[in-house]
Amino acid sequence: MQKITKEVYLKWYEDMLFWRKFEDKLAAVYIQQKVRGFLHLYNGQEAVLAGALHAMDLTKDKMITAYRNHVQPIGMGVDPRRVMAELYGKVTGTSKGMGGSMHIFSKEHRFYGGHGIVGGQIPLGAGIAFGDKYHDSDAVTLCCFGDGAARQGSLHETFNLAMLWNLPVVFVCENNGYAMGTSVERTANHTDIWKLGKGYEMPCGPVDGMNPIKVAEAFDEAIQRARRGDGPTFLELKTYRYRGHSMSDAQHYRTKDEVAEYKKIDPITQVKDVILEKKYATEEDLKIIDKRVKDLVAECEKFAEESPYPEVQQLYDMVYEQEDYPFIKHKI
């Protein structure tokens with residue numbers, strides 16, 4: 001893993017701040033009904049992505065995740081304007097406006113979604129890793145899911161095969177405490193989700209998911225293990241989401257005081273404190289970054305607002321048709 005330098009801290013600060021403000025804007029335009037359907041925000045969990053990206057090789061490594069998936073593709077190189085446009089349902093979006101909030105995707109940048117089915121991406125992540133092993137690639141796949149998805153049977157099936165086949169995959173449980181709205185304590189007789197890996201003799205462990213340094217170190221070890229051909233790892237990133245599960249979540253299952261306590265260890269604030277303490281930048285320097293972030297968010301919003309909606313014909317263009325399909329006779 002490359003050294004965590006002044007430049008890394010400044011990049012973390014700008015990236016995480018942009019991801020936060022980008023999604024704050026999405027929340028605002030959702031209330032205005034410019035973005036429809038579901039909207040699951042990542043506020044509070046940014047250190048997981050920042051640390052992971054630092055440890056990854058973005059020229060070949062891959063990522064797949066669930067429906068809380070707007071900022072991950074941005075971190076991997078996707079134009080944020082196109083992500084915003086996708087949420088608006090515009091033709092300039094990452095899937096021409098037909099994927100929406102839960103289905104951001106970029107083959108070019110090796111981001112494989114964006115999946116609305118809880119836990120549905122877990123076997124797919126192992127499948128991507130299987131493809132890399134089959135083709136003798138040393139790429140590694142990060143397969144991310146929430147604490148709620150850890151209760152899916154497909155996780156156990158996937159863990160079994162991943163170990164059996166020694167796949168180059170890092171399984172990542174982003175445990176933000178409440179799944180859709182039920183605490184971990186109420187869904188299982190154990191609260192240490194990472195221990196599920198022990199049943200398959202898979203290297204596993206907990207990670208402070210609010211600190212990008214701890215995240216980067218854990219990911220680096222797991223990624224290097226997979227790249228060497230030593231198989232999968234299961235990491236439980238203990239993090240927290242400041243907003244509800246989705247925009248329709250009234251959050252009756254937790255108190256405002258609890259959220260306020262977690263905001264005291266906000267990953268953006270932690271990084272900012274280090275920057276100021278080590279004199280990597282002054283408050284004035286950070287204000288320049290803040291303005292740059294604000295301007296870019298405004299640019300994304302303007303791009304999405306001004307982009308056209310898809311033509312109706314696009315509905316038909318997106319349907320796969322094979323003229324000589326062997327089991328269908330058009331004429332009898």
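Where is the place of D61? Select that residue, keeping in mind that you are looking at a predicted model, and you will find D61 in the loop between α2, which covers residues 46-55, and β1.

Is D61 buried or exposed? Its relative accessibility is 0%, and because buried means under 20%, D61 counts as buried. Now show the side chain of D61 and look for the backbone nitrogen of V140, which that side chain reaches at 2.9 Å. If you then display the residues that D61 touches, leaving aside those up to four places away in sequence, you will see M56, M76, R110, A139, V140, I223 and R227.

From the loop, move on to the strands. Select β1, residues 62-64, together with β2, residues 141-146, and you will have two strands that run parallel and are joined by three bridges. To look at one pairing in detail, pick I64 and then C143 in β2, which is the bridge partner of I64. Strands of a sheet pair through backbone hydrogen bonds, in either a parallel or an antiparallel way.

Next, select all the strands of the sheet and follow their order, which is β1-β2-β3-β5-β4 in an open sheet of five strands with parallel pairing. Why is one side of β1 and of β4 left without a neighbour in the sheet? β1 and β4 (204-208) stand at the edges, where each has a single partner strand, so one side of each has no neighbour in the sheet. As you step across the sheet, the twist from one strand to the next averages 25°.

Finally, zoom out to the whole protein, which has 11 helices and five strands. Its C-alpha atoms fill a box of roughly 80 × 50 × 40 Å along the principal axes. The radius of gyration is 20 Å, which agrees with the value near 20 Å that a compact globule of 332 residues would have. If you colour the residues by burial, the buried ones make up 48% of the 332 residues, while the protein exposes about 16,700 Å², of which carbon and sulfur atoms supply 53%. Among contacts between residues at least 6 apart in sequence, 75% join residues at least 24 apart.

Technical notes:
Residues are numbered from 1 along each chain as its sequence is written. This is a predicted model: local features need pLDDT of at least 70, side-chain atom pairs count only at pLDDT 80 or more; totals for chains, interfaces and linings use all residues. Side-chain values use heavy atoms; hydrogens and water are left out. Two strands pair if DSSP finds at least two bridges between them. Helices (H or I, at least four residues) and strands (E, at least two) are DSSP runs, numbered from the N terminus. Axes are lines fitted to C-alpha atoms, for helices over the stretch in contact, and angles run from 0 to 180 degrees between N-to-C directions. The radius of gyration is taken over C-alpha atoms; the globule rule is 2.2 Å times the number of residues to the power 0.38. Buried means under 20% relative accessible area, exposed over 50%, partly exposed in between (1.4 Å probe, protein chains only). Contact means heavy atoms within 4.5 Å. Accessible areas come from the Shrake-Rupley method with a 1.4 Å probe; for residues, only the protein chains shown count as cover. A polar contact is a pair of N or O atoms within 3.5 Å; within protein, one must be able to donate a hydrogen and the other to accept it, and residues adjacent in sequence count only if both atoms are side-chain atoms.
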